[in-house]
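Please examine the sequence and the structure below before reading on.

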Amino acid sequence: MIKTATIFRHCRLDPSGTIGKVLKGRGMAVTEIGTPFQSLDRFDALGPDILVVLGGACGVYQAGLYPFLEQEREIIKARLTADKPVLGICLGAQLMA
């Protein structure tokens with residue numbers, strides 16, 4: 001069975017880069033979601049084997065300006081509660097904290 005990874009990106013022009021390449025190189029099916037531009041309403045928080053949440057120009061304290069941050073925080077919380085892997089980088093780590 002192929003393992004799955006979902007990567008949350010916060011900038012339209014910033015791809016997953018090395019992280020995406022490494023996950024794909026390990027045979028994982030990788031899906032990238034630009035959370036400011038794509039809906040998370042139907043995202044299954046526990047679906048992917050790993051969730052990677054990248055950085056971005058906004059800060060965790062700006063959820064009022066960027067509503068997608070609250071959705072991400074809830075997804076991360078559900079995954080952590082279920083003991084499912086999450087890798088947070090910069091903004092992603094802020095959301096995890």
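A residue is called buried when its relative accessible area is under 20%. By that criterion, 37% of the 97 residues of the protein chain are buried in this predicted model.

The secondary structure of the protein chain consists of 3 helices and 4 strands. Read from the N terminus, the elements follow the order β-α-β-β-α-β-α. The radius of gyration of the protein chain is 13 Å, close to the 13 Å that the globule rule gives for 97 residues, so the chain is as compact as a globular protein of that length. Along the principal axes, the C-alpha atoms occupy a box of roughly 40 × 30 × 25 Å.

How do the contacts relate to separation along the chain? Of the contacts between residues at least 6 apart in sequence, 72% join residues at least 24 apart.

As for charge, the protein chain carries 11 positive and 9 negative side chains. The centres of these two sets are 6 Å apart.

Finally, the confidence of the prediction deserves attention. The mean pLDDT of the protein chain is 94, and 100% of the residues score at least 70. Among the elements, strand β3 (residues 50–53) has the highest mean pLDDT, 98. The lowest mean, 93, belongs to helix α1 (residues 17–25). Where pLDDT is low, predicted coordinates should not be read in detail.

Definitions and conventions:
Residues are numbered from 1 along each chain as its sequence is written. This is a predicted model: local features need pLDDT of at least 70, side-chain atom pairs count only at pLDDT 80 or more; totals for chains, interfaces and linings use all residues. Side-chain values use heavy atoms; hydrogens and water are left out. Helices (H or I, at least four residues) and strands (E, at least two) are DSSP runs, numbered from the N terminus. The radius of gyration is taken over C-alpha atoms; the globule rule is 2.2 Å times the number of residues to the power 0.38. Buried means under 20% relative accessible area, exposed over 50%, partly exposed in between (1.4 Å probe, protein chains only). Contact means heavy atoms within 4.5 Å. Lys and Arg count as positive and Asp and Glu as negative; His and the chain ends are not counted. The place of a charge is taken as NZ of Lys, CZ of Arg, CG of Asp or CD of Glu. pLDDT is the predictor's confidence in each residue, from 0 to 100.
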